[in-house]
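Open the model in the viewer, show it as a cartoon, and keep a selection tool at hand. The stops below go from one selection to the next.

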Amino acid sequence: MKVVCVGHSTFDTTLPMKEYPTENIKYRLEHHIECGGGPASNGAYLLAKWGMDVTIASVIGDDYYGDRVISDFEQIGADTTYLEKMPNHMTTSSYIIANMSNGSRTVLSSKDEPVRKLNKPIDVHADVILVDGEHPESAYEVLSKNPDAISVLDAGRLNDDTKFLGKFVTYLVCSKDFAEDFTNKKIDVNNKNQLIEILEEIRAYFNTNVIITLEAAGSFTIVDGEYQIIPSIKVKALDSTGAGDIFHGAFTYFIANHYPLKEAIRLASITGAISVTRVGSRYSIPMLSEVLEYDTAI
């Protein structure tokens with residue numbers, strides 16, 4: 001299967017710390033971690049690492065960070081034909097403080113003006129598509145050219161572009177924040193009737209399969225006509241950076257490979273859970289064999 005991922009690319013520098021820093025103090029770190037990042041880009045990296053034929057479509061700057069992003073994808077075997085270096089554009093760079101004591105992360109990003117469309121038309125037949133709302137005109141181009149593809153929108157935040165693209169995908173996998181902003185309702189994960197009401201409001205607008213990720217509470221969706229919460233996997237977190245991106249990439253892999261919906265979500269949750277026990281978003285992506293072995297052990 002041919003996979004096309006359209007979305008945001010960043011270059012991440014992760015600073016592991018024993019606790020959150022105090023203002024006006026110097027800290028000396030033993031090491032730091034550098035790698036590419038970004039929602040659809042991390043998903044693309046996972047899919048390539050797991051053996052799929054992946055093309056990444058994204059805009060980067062003609063700079064050092066852009067070169068590092070390209071190198072990441074070339075090393076993992078992804079097609080970088082549409083990883084476009086744009087003159088006078090700065091590659092997004094993120095500095096991530098990873099609090100090792102509780103697994104939280106604080107992200108500081110420097111981002112140039114958004115680019116709505118790549119200069120080069122994306123002329124690729126796609127069996128599977130993953131988009132994150134970045135470069136929305138190029139994302140729509142790929143979706144409209146490949147209407148029979150299995151397609152996933154990583155809807156982390158609500159904006160006009162994710163509202164538009166969500167109508168053209170097979171699976172809208174949205175965050176708790178997206179669901180709350182869309183419905184103007186604060187989610188109570190213990191109130192199933194409210195979750196059903198929110199899910200149905202989103203489904204009515206987008207007319208597609210909707211999965212709401214509820215952080216530690218798991219994911220809420222409809223499985224075989226039944227409303228269900230698929231629980232998350234409990235682990236000791238060290239660094240949660242990229243866990244959502246990794247979940248979406250893994251979900252795309254399993255659903256594209258014809259796993260039942262509930263199983264695809266559960267295995268994606270295992271993938272995300274393994275990732276937070278490691279530091280550095282892209283380097284925390286487990287091998288597919290690790291996920292499947294973990295699954296048989298629980």
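How many bridges join β1 to β8, and do the strands run parallel or antiparallel? Four bridges join the two, and β1 and β8 run parallel. This is a predicted model.

**Stop 1: strand β1**

On the β8 side, Cys-5 has Leu-130 as its bridge partner. Now turn to the other partner, β4, which pairs with β1 through five bridges, again in the parallel sense. There, Lys-2 is placed opposite Asp-53 of β4.

Show the side chains of β1. In a regular strand, side chains alternate between the two faces of the sheet. Here Val-3 and Cys-5 point one way, while Lys-2, Val-4 and Val-6 point the other way. Both sets are buried, and the strand is mostly covered, with five of its five residues buried.

**Stop 2**

**Stop 3**

The axes of α1 and α2 cross at roughly 25 degrees and come within 9 Å. That angle makes α1 roughly parallel to α2. The crossing of α1 and α2 is left-handed.

To see the contact, show Ser-41, Ala-44, Tyr-45, Ala-48 and Lys-49 on α1, together with Asp-72, Phe-73 and Ile-76 on α2. By class, the contact of α1 with α2 has five nonpolar residues, one polar and two charged.

**Stop 3: helices α7 and α8**

Next select residues 243-256 for α7 and 261-275 for α8. These two helices pack at an angle of about 145 degrees, and their axes are 8 Å apart. The crossing of α7 and α8 is right-handed.

From α7, show Ala-243, Ile-246, Phe-247, Ala-250, Phe-251, Phe-254 and Ile-255. The α8 side of the contact includes Leu-261, Ala-264, Ile-265, Leu-267 and Ala-268. Also on the α8 side are Ser-269, Thr-271, Gly-272 and Ser-275. Sorted by class, the contact of α7 with α8 has twelve nonpolar residues, four polar and no charged.

**Stop 4: Tyr-283**

Leaving aside neighbours within four places in sequence, Tyr-283 is in contact with Ile-33, Glu-34 and Cys-35. For a distance check, pick the C-alpha atoms of Tyr-283 and Tyr-82: they are separated by 23 Å, and the two residues are 201 apart along the chain.

**Stop 5: His-89**

Go to the loop between β5 and β6 (92-99) and select His-89. With a relative accessibility of 14%, His-89 counts as buried. Not counting residues up to four places away in sequence, His-89 touches Val-59, Ile-60, Gly-61, Asp-62 and Asp-63, as well as Asp-112, Glu-113 and Val-115.

**Stop 6: two positive phi values**

Most residues other than glycine have a negative phi. Select Asn-207, in the loop between α6 (192-206) and β11 (209-213). Asn-207 is not a glycine, yet its phi is positive, about 55 degrees. Asn-207 is exposed, with a relative accessible area of 69%.

Finish in the loop between β11 and β12, at Glu-215. Glu-215 also has a positive phi of about 55 degrees without being a glycine. Its relative accessible area is 57%, and Glu-215 is exposed.

Note on methods: Residues are numbered from 1 along each chain as its sequence is written. This is a predicted model: local features need pLDDT of at least 70, side-chain atom pairs count only at pLDDT 80 or more; totals for chains, interfaces and linings use all residues. Side-chain values use heavy atoms; hydrogens and water are left out. Axes are lines fitted to C-alpha atoms, for helices over the stretch in contact, and angles run from 0 to 180 degrees between N-to-C directions. Angles under 35 degrees count as roughly parallel, over 145 as roughly antiparallel, 65 to 115 as roughly perpendicular and the rest as oblique. A crossing is left-handed if the near helix is turned anticlockwise from the far one by less than a right angle, and right-handed if clockwise. Contact means heavy atoms within 4.5 Å. Ala, Val, Leu, Ile, Met, Phe, Trp, Tyr, Cys and Pro count as nonpolar, Asp, Glu, Lys and Arg as charged, and the others, Gly among them, as polar. Buried means under 20% relative accessible area, exposed over 50%, partly exposed in between (1.4 Å probe, protein chains only). Two strands pair if DSSP finds at least two bridges between them.
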